[in-house]
Amino acid sequence: MARRSTASVFARAYERNLRALTKATLSNSKRIAGQVQRATAKRLKPPPGKGDWLAGVAMGPGGARGYHLFRPAGLELQPGERLPLMVMLHGCGQTGRDFAASTRMNALAVRQRFLVLYPEQDRIAHPQGCWNWYERRSGKADAEAATLMAAIDQACMLYPVDRDRMALAGLSAGASMAALLATRYPNRFRAVVMHSGVAPGAAKSSATALGAMRGEHVPPMPTTAVGKAMGAAAVFTTLPPMLVLHGDADAVVAPSNAVSSAAVWATAVGARPGLTREVQRGKRRPMRVTDFRRKGCTLVTLCEIAGLGHSWSGGAPKLLFSDPEGPDATRMTWAFAAAQFKAAGGAKKG
């Protein structure tokens with residue numbers, strides 16, 4: 001009887017522990033499922049901006065990449081009318097939605113009537129969501145650039161995009177990929193904007209990328225060497241005009257990359273620097289602005305922003321990689337691109 005009684009005690013204790021463990025497991029599962037559900041809902045929720053947040057997937061040499069296209073609400077297009085396209089490449093640790101929320105480019109697109117494309121890096125291609133702009137030796141960078149072009153071409157087919165008015169902009173790794181795209185497909189874009197990126201031609205592998213981010217690798221300056229380093233087309237004067245934005249307090253990508261980016265691009269297009277001027281709008285951070293010109297045309301503009309870290313200047317508050325105290329990089333990006341669209345349109349008519 002004693003043995004039977006002891007066994008039953010252990011059985012009851014085991015059952016109680018099993019029930020407690022099951023209850024705790026179910027509770028944790030529900031909590032984890034709730035967290036995943038909330039994170040997924042946040043990721044799928046459209047960023048601010050009155051319009052449509054349209055999803056798509058494009059295939060290319062680098063595999064499949066998703067994207068979102070923002071189309072402003074209330075567009076009433078004239079017969080045959082097509083709209084400019086701004087391609088926005090997010091930085092490491094961001095998604096396209098994060099970048100849209102930070103830059104608030106969609107709100108500007110509503111006012112100025114243009115479309116915005118946000119390609120999305122696949123976490124399988126890079127765990128931190130970085131574009132592989134530096135993997136030149138392995139060919140991964142070029143394959144990824146070709147895949148991004150496939151996404152852009154798909155957007156051009158599905159939506160009323162004016163192929164003669166397309167521009168690129170990116171932050172950090174997105175900025176470096178934007179520069180690579182512009183050198184690979186120079187005739188497809190009217191302007192390119194690098195915000196806090198590594199100088200074109202400064203890295204060819206993951207090992208050299210780390211050094212380049214610290215400002216240790218400076219691309220060669222002679223035009224022929226620049227072309228080889230950047231992988232540009234044979235005629236470098238076809239490169240689109242470039243706007244370079246960088247904070248002088250950037251601890252992730254050395255500020256010297258901004259100077260190198262401007263110098264490399266200016267050398268490639270035969271532009272010379274003018275006098276540097278100090279610019280400050282209201283209480284925003286001041287910046288040093290240098291224009292590089294050729295035959296009266298500004299082909300490169302360098303903006304070095306005082307006190308700005310590794311963040312989108314003038315971005316939405318309380319978001320990663322976003323500094324509301326800096327000059328409005330979103331407005332500057334669009335103004336720069338719009339000026340190139342206008343100049344290209346005038347040259348065509350002429």
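## Enclosed cavities

Across the whole structure, a search finds 2 cavities of 30 Å³ or more, a cavity being a set of points, on a 1 Å grid over the protein atoms alone, where a 1.4 Å probe fits but cannot get out. The model is a predicted one, in which local features need pLDDT of at least 70 and side-chain atom pairs count only at pLDDT 80 or more, while totals for chains, interfaces and linings use all residues. Residues are numbered from 1 along each chain as its sequence is written, and side-chain values use heavy atoms, with hydrogens and water left out.

The second largest cavity has a volume of about 30 Å³, volume being the space filled by probe spheres set on the points. Val279, Gln280, Arg281, Arg284, Arg285, Met287 and Pro327 line the second largest cavity, where lining residues have an atom within 4 Å of a point. This lining divides into 3 nonpolar, 1 polar and 3 charged residues.

## Aromatic pairs

The whole structure holds 5 aromatic pairs, counted where ring centres of Phe, Tyr or Trp (its six-membered ring) lie within 6.5 Å, with planes under 30 degrees apart taken as stacked, over 60 as edge-to-face and the rest as tilted. Among them, Phe114 and Trp334 are stacked, at 3.9 Å centre to centre and with 10 degrees between the planes. Phe114 lies in the loop between α3 (105-112) and β4 (115-119), and Trp334 in helix α9 (residues 329-349), 220 residues apart. Phe114 and Trp334 are both buried (under 20% relative accessible area, with a 1.4 Å probe and protein chains only), and ring pairs link Phe114, Trp334 and Phe341 into a cluster.

Note on methods: Helices (H or I, at least four residues) and strands (E, at least two) are DSSP runs, numbered from the N terminus. Buried means under 20% relative accessible area, exposed over 50%, partly exposed in between (1.4 Å probe, protein chains only). On a 1 Å grid over the protein atoms alone, a cavity is a set of points where a 1.4 Å probe fits but cannot get out, and a pocket is an open set with protein on both sides within 12 Å along at least five of seven lines; lining residues have an atom within 4 Å of a point. Ala, Val, Leu, Ile, Met, Phe, Trp, Tyr, Cys and Pro count as nonpolar, Asp, Glu, Lys and Arg as charged, and the others, Gly among them, as polar.
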